[in-house]
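Subject: Structure for you to look at

Hello,

Here is the structure I promised to pass on. Please open it, then read the notes below.

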Amino acid sequence: MPAVSESTPLLRNPPVKPQPCSRSSFTRALSLVTVEPALFLEAVAYGVNENLLTNLTVDKLCSVHFNYDAETCSNLDAGNHTAQQDQVQRLASDYIMYNKWVEYVPALLTNLLLGSLGDARGRRLPVLLTFIGHLMMAACYLANTYWWRLPVSLICLSALPMGLFGGHVGISNAVNAYLSSSSESRSRTTSLSSVEWVKYAAHPLGVYASSLLYAHGGYVLAFSFYVLLLLASVLYVLLCVGEPPVPPGSTKLGMAAHIRSTFEVPVKIRRSGRRGMVMAAYTAVVMLWCFARETKVQFFLYERKVFGWQLQQYADWLVFSYLVKAAGLLLVVPACSYYLGVQDAMLGFIGGVSMMFFYTVFATAPEPWVLYIAAVLSLCSAVPVVTSRGAISKIVASNDLGTTFAFLALLECLAVLLGTSLYTSIYNLTLDIFPGTLYLVMAGVGAVVCCIHVWLLTNFDENYSRGK
């Protein structure tokens, strides 16, 4: 019989303490959801605006500014009013440029403040402020549709509240900074890709819904839906979005210190050696992508001019194009970056090739159906900006994310302001010669993006994350 002591257990086989049931994958996924639902609502609203704003500008220019009769305005793209069509198109292109300037000039300053404010006071506040700015702009657009005889110039001024609160660039960078502070380095690129694929998945819903609402109730009904979506997104951020963990070393700064800390980012980049060179290259990619992206405001003008498309035909193509890009971001980036470990630079190179093919085919399409082939070729065209932002977020320190993204937003605003002036001039000057010239220039921008990524691939590896 074995010896018995005080340490001998009373039972030979003590019961195993039951372990708590592990949470399901679905529950774990839900626990990771933060700002994405609000971003989804904002992106649906953006789809409404993108689908209707150019058409609204053309219609008001035709009927209010030029005071053409109803028959001319309804058949402007039928081929019987070429002189009037070119006159309206050129001025519409100018007004689109003015709209961008009204939004992005004040956004130059406000993005500086928002980024540093996020570092000092939390990531949630900049997200909320940018969403409020979008809501105010939507309310102004609704007023322009309700009081139809208001001058077209007020459509441009409607973008001012958006710019004062950071603009579309501010929304993107505030959300990116929020998610960067909440994710680990390995999953950073995948996490930031969710920003883009949520937008590209939501935009078609906005485009489709706005087309239905416009067909049944005109601009007033469609833009009322636009306002309600943004109101819901603001309420969601207020009630459901919490504050991510505050990085160590964060301090409360005054306004002057906020601006100064953002302008110190280039100095930090220059002193970072090899990591600084990598960051500068990825920053250039973001600027080039933003420069090319804003040409989409001319898509509808181009398709009306070349193929005589109406709003519904444009909406159908836009929905298809966004779904293709959403599929690329949802499938390609997570599979290659997270599971296969493909370098960010290689993914960016693939995206640059996709940009080149898309713009080339789009510019030279002989028939309308070829535009759908161009949309398929754009599968990975949004990948360069995702991988670049992911790479930049891995390089900088956690408590510098806000100021870094603010400086990036400043450069994006400058790229858009420069771009709108340049490609508005190109489109207007080549309208009678070859309207697709603008998009061939953008194909060249895609080639430059490819060259930058080839340089990164041949000179650097992935060991540029924070602290290395």
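Start with E42. E42 is buried, because its relative accessible area is 3%, under the 20% cut-off. This is a predicted model, so please read each value below as computed from it. E42 sits in helix α2, residues 36–65. Setting aside neighbours within four places in sequence, E42 is in contact with F131, H134, H168, I171, L230 and S233. Look at S233 in that list. E42 and S233 are 191 residues apart in sequence, yet 6.2 Å apart in space, C-alpha to C-alpha.

Now the overall picture. The protein has 19 helices and zero strands. Of its 468 residues, 55% are buried. Take the contacts between residues at least 6 apart in sequence: 85% of them join residues at least 24 apart. The accessible surface is about 19900 Å², and carbon and sulfur atoms account for 67% of that.

The largest nonpolar core holds 116 residues. Which residues have the most contacts inside it? They are V127, Y141, Y226, W317, Y359, F362 and Y439. Helix α9 supplies the largest share of this core, 13 residues. Another core lies apart from it, with twelve residues, including A107, L410, L411 and V416. In soluble globular proteins, nonpolar side chains tend to be buried together.

W317 deserves a close look. Not counting residues up to four places away in sequence, W317 touches F299, E303, W309, F358, F362, L371, Y372 and A375. Two of these partners, F299 and E303, are among the buried residues of α13. Helix α13 covers residues 299–307, and seven of its nine residues are buried. Just after α13, G308 takes a positive phi of about 65°.

Then helix α9, residues 188–240. H203 lies in this helix. Is H203 buried or exposed? H203 counts as buried, because its relative accessibility is 5%. Leaving out neighbours within four places in sequence, H203 is in contact with A43, Y46, G47 and Y322. L228 is also found in α9, but L228 is exposed, at 54% relative accessible area. L228 belongs to a nonpolar surface patch with L231, L235, L238 and L239. Together these leucines have about 500 Å² of accessible area. An α-helix has 3.6 residues a turn, so residues three or four places apart point the same way.

Helix α19 runs over residues 437–459. How far apart are its end C-alpha atoms? They are 34 Å apart, which agrees with the 33 Å that 23 residues should span at 1.5 Å a residue. The buried residues in α19 are L438, Y439, M442, A443, V445, G446, V449, C450, I452, H453 and L456. Y439 is also one of the residues with the most contacts inside the largest core.

Last, a backbone point. Most residues other than glycine have a negative phi. N67 is not a glycine, yet it has a positive phi of about 60°. N67 is found in the loop between α2 and α3. N67 is exposed, with a relative accessible area of 57%.

Best wishes

Definitions and conventions
Residues are numbered from 1 along each chain as its sequence is written. This is a predicted model: local features need pLDDT of at least 70, side-chain atom pairs count only at pLDDT 80 or more; totals for chains, interfaces and linings use all residues. Side-chain values use heavy atoms; hydrogens and water are left out. Buried means under 20% relative accessible area, exposed over 50%, partly exposed in between (1.4 Å probe, protein chains only). Helices (H or I, at least four residues) and strands (E, at least two) are DSSP runs, numbered from the N terminus. Patches are made of residues with over 30% relative accessible area and no salt bridge: like charges are joined within 9 Å, nonpolar side chains (Val, Leu, Ile, Met, Phe, Trp, Tyr) within 5 Å. Accessible areas come from the Shrake-Rupley method with a 1.4 Å probe; for residues, only the protein chains shown count as cover. A salt bridge is a side-chain nitrogen of Lys or Arg within 4 Å of a carboxyl oxygen of Asp or Glu. Contact means heavy atoms within 4.5 Å. The expected span of a helix is 1.5 Å times one less than its number of residues. A nonpolar core is a set of buried Ala, Val, Leu, Ile, Met, Phe, Trp, Tyr and Cys residues joined through side-chain atoms within 4.5 Å.
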